Amino acid sequence: MKNNTKTCGGLYTPKVMEAFKDPHNYGKIKNPSGVGKVGNIVCGDVMWLYIKVDKNEKITDIKFETFGCVAAIATSSTITDLVKGKTIKDALKITKDNIVKSLGGLPKVKYHCSILAVDALVEAIYDYSLKNKKDISSDLKKKHDLIQREKEIIEKRYENWAK
Amino acid sequence: MKKIYLDYAATTPVDPRVVKTMLPFMSNPPAGGFGNTMSLHQFGQDAKLALENSRQILADFINAAPQEIIFTSSATESNNTVLKGIAFAKKSGHIIVSSIEHPCIAESAKWLKRQGFEITELTVDKFGMVNPEDVRKAIKENTILVSIIHASNEIGTVQPIAEIGKICREKNVLFHTDAVQSFGKIPIDVKKMNIDLLTASSHKIYGPKGAGLLYIRKGVRVEPLLHGGGQENGMRSSTVNLPAIAGFTKAVEICKKEMKRENAKLLKMRNKLIKEILKIKGSRLNGHRKERLSNNVNIAFDFIEGESLIMQLDLRGIACSTGSACSSATLEPSHVLLAIGLKPEQAHGSLRISLGRWTKDSDINYFLKILPGIIKKIREISPFKYRND
């Protein structure tokens, strides 16, 4: 049988495994400008994203803490790489597809991990904007509301389990 | 890099002695017996002879009669045949299973429920034990079958099968046990244990994949699932997979001879693993301490996601398995771990280590050396931590 060079063990790409093996920017930031907390331990994925924003609205530092599978850790590491050094405006343009592409692909059942990473970033920026009394665009507000609503739905779905 | 296989409950490598036995059944005479067991000529009759010889050996192994043994392609097929075949024979009624069955029983039961059969799923205690008295209480006028897994594939708990069998016999209800994980590891006597139907598999005991066994006590009516040429006494049409069956038989003969010694060796390793792993903070043993397969360890770690753990171990050359949701296609955690009362977040952090014929003490030591560091690293990345860390 020919070796499939694109995937590692058939499940994850070498890039995913690399990011999982040696994740970038994990840990906490002391006195962060904003924190985004998404996911649910009952479902098995929790991602916390810390950002440090300077006066020019540039994200100078970003760190993550993640409880989750290989894909969750790899997408966490990747989003920190993609965001670091970008302005808030540019950071908000990052999509799940950017993350999936950076990782050379993800199994379909793991796409939600890339969404989780984007959501964590949105929440961190929302948190920063709220704390610093910045204008919150209608788009950011809409995204934030959607994330919160989905969170409620998931919590409801698993409420019997959570007891 | 070292490669250490600690996933024998998933499948086993085929014993070289088994491979040697199988080969002649794939080729020409004089060494060969590739023939179709249904053929009248010598090729066929030689194959038939070998098949019946296998049947006798497997029957003896569980104290059954040869005509009570049906060869199938897998344990999944055997289990499907039992549940559906009895349901079809009886047309309606009530079936009792446990909440920790293998998916091929659990899903068959669910399917039968959709077809109008009544299903009771018995709960287990926190060690994964079925209470035989619960079986007695659950049996009703219209109960047609009780099916309880002998030893859990996930947590290794061994059920009081003889007691449950006795109750079923008293109540005149058919009793089936899925003995895939216990067959070849624990002595089984279908007569003493009052078993009416039993499932076993070749590839869990160092035989090849593609061979399963189904014991059906004489007089028990089961409708076949596969119709055709009438092989296996009409119970399972299909050209008989003789190489696999011959391999299965050899695997059983080896187990018969080596079971006792092998179990003693594995038990020592298992107990050492449990003792040492439980020294890691936030770990607990899943399953029963004593009534447990000699080759099974299942541990839940707080704040650990199983897939990450498995992949970290894999990167260090160690193969294990998990009941985590993220490792499954459905993204749901193991129903067995939920049934013994674990919270989903605990089920995510479960690790199953299963030992086997070629596990060495040095493998166990290497594993125990590697594991704490991996747990520490995963917890470092996680937002959930112990306060003192």
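A crossing of two helices is called left-handed if the near helix is turned anticlockwise from the far one by less than a right angle, and right-handed if clockwise. Keep that in mind as we walk through this predicted model, where local features need pLDDT of at least 70, side-chain atom pairs count only at pLDDT 80 or more, and totals for chains, interfaces and linings use all residues. Residues are numbered from 1 along each chain as its sequence is written, chains are lettered from A and ligands numbered from 1 in the order in which they are written, and side-chain values use heavy atoms, with hydrogens and water left out.

Let's start in chain A. Helices here are DSSP runs of H or I with at least four residues, numbered from the N terminus. Helix H5 (residues 111-131) of chain A packs against helix H6 (residues 138-157) of chain A at about 120°, and their axes are 10 Å apart. Those axes are lines fitted to C-alpha atoms over the stretch in contact, with angles running from 0 to 180 degrees between N-to-C directions. So H5(A) and H6(A) are oblique to each other; angles under 35 degrees count as roughly parallel, over 145 as roughly antiparallel, 65 to 115 as roughly perpendicular and the rest as oblique. H5(A) passes H6(A) in a left-handed crossing. For the classes, Ala, Val, Leu, Ile, Met, Phe, Trp, Tyr, Cys and Pro count as nonpolar, Asp, Glu, Lys and Arg as charged, and the others, Gly among them, as polar.

H5(A) has another partner to look at: helix H2 (residues 70-83) of chain A, whose axis comes within 9 Å of that of H5(A) and crosses at roughly 45°. The crossing of H2(A) and H5(A) is right-handed. Ala72(A) and Ile79(A) of H2(A) are among the residues touching H5(A), and the contact has 8 nonpolar, 2 polar and no charged residues.

Now hop over to chain B. Helix H8 (residues 306-315) of chain B and helix H11 (residues 361-381) of chain B pack at about 135°, with axes 10 Å apart. Their crossing is right-handed, and the residues in this contact of H8(B) with H11(B) split into 8 nonpolar, 2 polar and 1 charged.

Finally, check out the rings. Ring pairs (Phe, Tyr or the six-membered ring of Trp, with centres within 6.5 Å) link Trp48(A), Phe67(A), Phe303(B) and Phe384(B) into a cluster. Lys37(A) lies over the face of Trp48(A), at 3.9 Å from the ring centre; a charge counts as over a ring if NZ of Lys or CZ of Arg is within 6 Å of the ring centre and within 35 degrees of the ring normal.

Conventions
Helix = DSSP H or I, 4+ residues; strand = E, 2+ residues; numbered from the N terminus. Phe/Tyr/Trp six-rings, centres within 6.5 Å; stacked < 30°, edge-to-face > 60°. Contact = heavy atoms within 4.5 Å.
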